[in-house]
Amino acid sequence: MASPENADVPPAVRGIPSDLTQPPGGVSHLRRYVSLRGPNTRMWMTAAYFSGALTLGFLVVLGSMVWHVLREETTVGSVSLWAVAGLTMLFVGPGSNLLMVRGLPQRITRQGISADSDGVTVLQERKWWFPGEGTFIAWPEIRRVREVHTGGRRLTYFIEFVLDTHRTGTELPSWAETAESLGLDPVDAPTQFYVQVPKEHKERILRMVERTAPLPSVVERTPPLR
């Protein structure tokens with residue numbers, strides 16, 4: 001028979017990954033959302049342009065080789081040279097494009113953190129053929145939310161989530177970092193992960209969590225840099 005002291009204690013709530021392929025079932029009266037741009041968007045867009053330029057170069061090389069072959073203005077050595085150049089650019093041009101096109105939408109889509117009366121959702125928005133990705137975390141799971149930074153002169157900012165429930169890698173955002181990967185000290189908790197955020201958004205996220213969480217003290221403030 002259960003003791004009377006534990007009769008009113010609710011069971012632990014376990015968050016599950018959100019299904020972003022379906023519209024939400026309802027809207028909370030406390031929903032707030034801070035949209036973030038992927039931190040490496042410019043780098044990925046530059047790589048995409050470079051890959052496209054290599055593909056264009058491959059087509060130019062291929063067209064020029066065919067043109068000279070048809071006009072019988074080539075030798076065995078020149079054809080070999082054209083072929084080597086064409087195969088090289090085929091690998092680094094169209095070959096890299098296949099990999100780039102597949103993963104580009106996820107790399108340049110907007111990332112965000114949403115909070116409502118039920119908990120926090122860390123998500124990547126839908127873009128092109130990327131369906132979107134979201135991880136929901138209920139408030140009873142969250143022990144601490146705070147801002148941390150790494151680096152020397154050029155600081156990189158993260159929002160740290162410390163949970164009292166165990167989450168496997170597949171139950172966390174694919175773009176989340178761990179304490180080990182960032183060179184930070186792990187805490188004695190079942191789950192600890194970090195989400196990179198732009199400097200101008202970190203305070204907005206902390207205020208959003210403070211205003212939405214049942215206990216605002218879940219947010220821990222880091223002393224300001226001197």
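This tour moves from a pair of strands to the salt bridges around them, one selection at a time.

Before you start, note that this is a predicted model, in which local features need pLDDT of at least 70 and side-chain atom pairs count only at pLDDT 80 or more, while totals for chains, interfaces and linings use all residues. Residues are numbered from 1 along each chain as its sequence is written, and side-chain values use heavy atoms, with hydrogens and water left out.

Select residues 142–150, which are strand S6, together with residues 156–163, which are strand S7; the two run antiparallel and are joined by eight bridges. Helices (H or I, at least four residues) and strands (E, at least two) are DSSP runs numbered from the N terminus, and two strands count as paired if DSSP finds at least two bridges between them. For one example of the pairing, pick Glu147, whose bridge partner in S7 is Ile159.

**Stop three: the salt bridges.** A salt bridge is a side-chain nitrogen of Lys or Arg within 4 Å of a carboxyl oxygen of Asp or Glu, and by this rule the count comes to nine. Select Glu141 and Arg167, which form a salt bridge with their closest N and O atoms 3.1 Å apart. Glu141 lies in the loop between strand S5 (133–138) and S6, and Arg167 in the loop between S7 and helix H4 (179–182), so the pair ties together parts that are 26 residues apart in sequence. Buried means under 20% relative accessible area, exposed over 50%, and partly exposed in between (1.4 Å probe, protein chains only); Glu141 is buried at 0%, and Arg167 is buried at 4%.

Next, select Arg144 and Glu220, which form a salt bridge whose closest N and O atoms are 3.8 Å apart. Arg144 is in strand S6 and Glu220 in strand S9, so this pair ties together parts that are 76 residues apart in sequence. Arg144 is buried at 13% relative accessibility, whereas Glu220, at 35%, is partly exposed.
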